Amino acid sequence: MSGKYDVMDDTSRLILHRTPRQDVAKGITIMVKGEGVRLTDKAGNSYLDMEAGITRPVHIGYGRQEVARAAYDQMCQLHYFSPFGYANEPAIDLADLLARITPGDINRFTFECSGSEAVEAAMKLAKHYHYFRGNKACFKIISRKGAYHGVNGYGVRALGTVMPMRQMMEPVAPGAVYVEPPYCYRCAYGLAYPDCDLKCATDIERTIEFEGAELISAFIGEPIMQGFGAVSPPREYWPIVRGICNKYDILLIIDEVICGFGRTGKMFGVEHFGIQADMLTMAKGISSGYVPLGAVGCTDKVMELIENFLHLHTYGNHPVACAAGLKNIEIIQSENLVDNSEELGQYFLDGLKALEHHEIVGEARGRGLWLALDLTADKKTRAPFPMNRIANLISRAKQLGVIIKSMGCALEFAPPLIITKEEIDEALKVIDQCIAEEERNMRI
Ligand SMILES: Cc1ncc(COP(=O)(O)O)c(C=O)c1O
């Protein structure tokens, strides 16, 4: 049946599209094959994937048969049994591996089907933590404006304020509290680092006092932030946030859904900042997208008084997903992909910095293989670059065979961690060309 369709235009009656209607009308590309960092679509066009599957899970690249075999073997052995009252070996083995590679004392794990579910579980766990310590009223969660933590109820609560999704889903679960993000290029306070004295971090304390510390269960944030495009905070930011959470007995949930498993040049993003999280949420790179898998890890301190974590769903701790995740992490380790992310990330960043001479490029930034070019309509005022022009840039790059995407008014890059220098050079050439063309178009 699939042979009938070349673009999703024809199939849009069949698939509930998650794309603006006008883009569906133009025709949505159907990808049919992936190998390494390259994709082929139904019409036979080939692409260099600089976004690891757009949502950025594909750390080990496409077409890895080792992972397929691990999933196949587990399906033949035991494809499913209840996560309630029973355990399975792949889930135990994966928890054991994660306990060894996650930073600090994170050593208890639960496995979910996505990042959104991991965030949901972590937030429920935070509520359990306070409940079993006698604080039953605690229900608020602090996140940063512009953050994204998934599509489920609690995650939507923590979406921040930029995404139209939140407005669509309002009213969100009560208890959402937002603070300013550490987005230095366009600081919400109009300050400049280091003279700002990290106001975006220290101000959190004032928010807590205003909201009532006894009502706040957790602070959630990505170590390096997706919103606005690969925003890495100053090195003092997370230690200050950690200190404030300690002072008010608020759990710190570090959302590693994108950063985890080598994306930023360390196995986990939080390692750049030398702090201990109370919980980590993980997904994407945990399985490189071969199977749906998410996880929450927490310290003993979080679990010690919780009698029973009331979060039950059919596919928790799924043996096939855990077996595939295990094999994927083994590949990340045995092929030194975290080091590759650090080294080639620096190489790529140097190449992007060389594009800062363009009049629309405000700042090149990021860590490891998670990088961005923040675009601006005016370098002096740092005015945002028009969204329609960013869309032109992205579709031109696709025409030239390179897949990239935008976050806010930044171009974002997050290739598979197996990428080579030659492939980065190929992408840089196309990015440079697309920016130059867009600049010319703007002058006409
Ligand atoms: C930081 C972060 N948390 C949570 C999520 C939700 O993950 P998923 O899309 O797997 O539900 C995402 C998705 O991009 C994310 O970037």
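Before I look at any helix, a note on terms: helices (H or I, at least four residues) and strands (E, at least two) are DSSP runs, numbered from the N terminus. The span I expect of a helix is 1.5 Å times one less than its number of residues.

Ground rules. Residues are numbered from 1 along each chain as its sequence is written, and this is a predicted model, where local features need pLDDT of at least 70, side-chain atom pairs count only at pLDDT 80 or more, and totals for chains, interfaces and linings use all residues. Side-chain values use heavy atoms, with hydrogens and water left out.

**Entry 1: helix H11**

I looked up H11 (residues 319–334), which has 16 residues and reaches 22 Å from its first C-alpha to its last, close to the 22 Å expected at 1.5 Å a residue. How many of the 16 residues of H11 are buried? I count as buried anything under 20% relative accessible area, as exposed anything over 50%, and as partly exposed what falls in between (1.4 Å probe, protein chains only). Twelve are, and H11 is mostly covered. Among the buried ones I noted Pro319, Cys322, Leu326, Asn328 and Ile332. The cover includes helix H3 (65–78), helix H4 (89–101), strand S4 (108–112) and helix H12 (337–353); contact here means heavy atoms within 4.5 Å. After H11 comes Asn336, with a positive phi near 50°.

Ser288 sits in the loop between strand S9 (279–282) and strand S10 (294–298). With a relative accessible area of 2%, Ser288 is buried. I then checked its polar contacts (a pair of N or O atoms within 3.5 Å; within protein, one must be able to donate a hydrogen and the other to accept it, and residues adjacent in sequence count only if both atoms are side-chain atoms). The side chain of Ser288 pairs with the side chain of Asn328 at 2.6 Å, and a polar atom of the Ser288 side chain is 3.2 Å from the backbone nitrogen of His59. Not counting residues up to four places away in sequence, Ser288 touches Pro57, Val58, His59, Ile60 and Asn328.

**Entry 2: Arg108**

Arg108 is in strand S4. Is Arg108 buried or partly exposed? Partly exposed, because its relative accessibility is 36%. I found Arg108 and Gly297 to be 189 residues apart in sequence but 5.4 Å apart in space, C-alpha to C-alpha. The Arg108 side chain makes a polar contact with the side chain of Asp300 at 3.1 Å.

**Entry 3: Glu51**

I placed Glu51 in the loop between strand S3 (46–49) and H3. Glu51 counts as buried because its relative accessibility is 0%. Its side chain reaches the backbone nitrogen of Phe413 at 3.2 Å. Leaving out residues up to four places away in sequence, the residues Glu51 touches include Arg56, Ile403, Lys405 and Phe413.

**Entry 4: the ligand**

Which side chain has an N or O atom 2.7 Å from a nitrogen atom of the ligand? That is Asp255. Ser116 has a side-chain N or O atom 2.5 Å from a ligand oxygen, and a polar side-chain atom of Gln226 lies 3.2 Å from a ligand oxygen.
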